[in-house]
Amino acid sequence: MRKRYLASLVLCTALFAACGGEKKQDQQAGDNSHENATDNSMVSPNAGKPASKGETLMAQSDCKTCHKEEMKVIGPSLKDIAGKYPNTPENVDKLSDKVIKGGAGNWGDVAMLPHPNISKDDAKEMVSYILSLSGK
Ligand code: HEC
């Protein structure tokens, strides 16, 4: 199991390196600058809306490195997670354990890193927020 976490960590690093490289190329291309400006405005579609506690906790943690609201990055998009699991107390409980312990298997071979410093209550706030995103 440990090996798997390590492997995904290496993969993440590689992916980030790749992203950094792409960005530089975009900037060099120059004439895409208008498209880039539009893209940037999409970064926070919730700007202006008051953030829920779970959303704030996620922003303070590392979640957004691997999860975006609409788009698969390293982990599944938040909306995909919300679409897969109905917002029930059992699912909130099960998924918050997974956030704390980490692991793979439900979406593919890439593992989520464990988050041993997150309390169960905070993890539940985050998962409730994620599962509340379905159907929006
Ligand atoms: C290193 C990248 C990474 C980080 C950081 C990360 N995740 Fe994940 N997450 C993943 C991956 C990969 C999966 C898919 C795991 C699987 O296939 O079972 C996942 C799955 C999930 C799931 C669904 C679990 C399931 O079994 O279907 C939830 C909920 C989740 N993450 C929440 C969070 C929260 C909350 C945080 C921040 C505290 C977080 N993640 C941080 C990579 C990450």
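**View 1. The buried residues of helix 6 are Asn91, Val92, Leu95, Ser96, Val99 and Ile100.** Seen down the helix axis, these residues fall within an arc of 165 degrees, so they line one face of helix 6. Please keep in mind that this is a predicted model. Helix 7 is included in what covers the buried residues of helix 6. On the face turned away from the buried side, you will find the exposed residues Glu90 and Lys101.

**View 2. Helix 6 from end to end.**

**View 3. A closer look at Ser96, in helix 6 (residues 89-101).** Ser96 has a relative accessible area of 0%, so it is buried. Leaving aside residues up to four places away in sequence, Ser96 touches Lys120, Ala123, Lys124 and Val127.

**View 4. The iron atom of the ligand and its protein donors, His67 (NE2) and Met112 (SD).** These donors lie 1.9 to 2.0 Å from the iron atom. His67 sits in the loop between helix 4 (63-66) and helix 5 (78-84), and Met112 in the loop between helix 6 and helix 7 (120-131), so the pair ties together parts that are 45 residues apart in sequence. The iron site is octahedral, with angles of 83 to 180 degrees among its six donor atoms. His67 counts as buried at 11% relative accessibility, while Met112, at 23%, is partly exposed.

Note on methods. Residues are numbered from 1 along each chain as its sequence is written. This is a predicted model: local features need pLDDT of at least 70, side-chain atom pairs count only at pLDDT 80 or more; totals for chains, interfaces and linings use all residues. Side-chain values use heavy atoms; hydrogens and water are left out. Helices (H or I, at least four residues) and strands (E, at least two) are DSSP runs, numbered from the N terminus. Buried means under 20% relative accessible area, exposed over 50%, partly exposed in between (1.4 Å probe, protein chains only). Contact means heavy atoms within 4.5 Å. Donors are N, O and S atoms within 2.8 Å of the metal (3.2 Å for Na, K and Ca); water is not among the atoms, so sites may look incomplete. Four donors count as tetrahedral if all angles lie between 85 and 135 degrees; four count as square planar and six as octahedral if opposite donors are over 155 degrees apart and all others between 65 and 115; anything else is irregular. The arc is that of the directions from the helix axis to the C-beta atoms.
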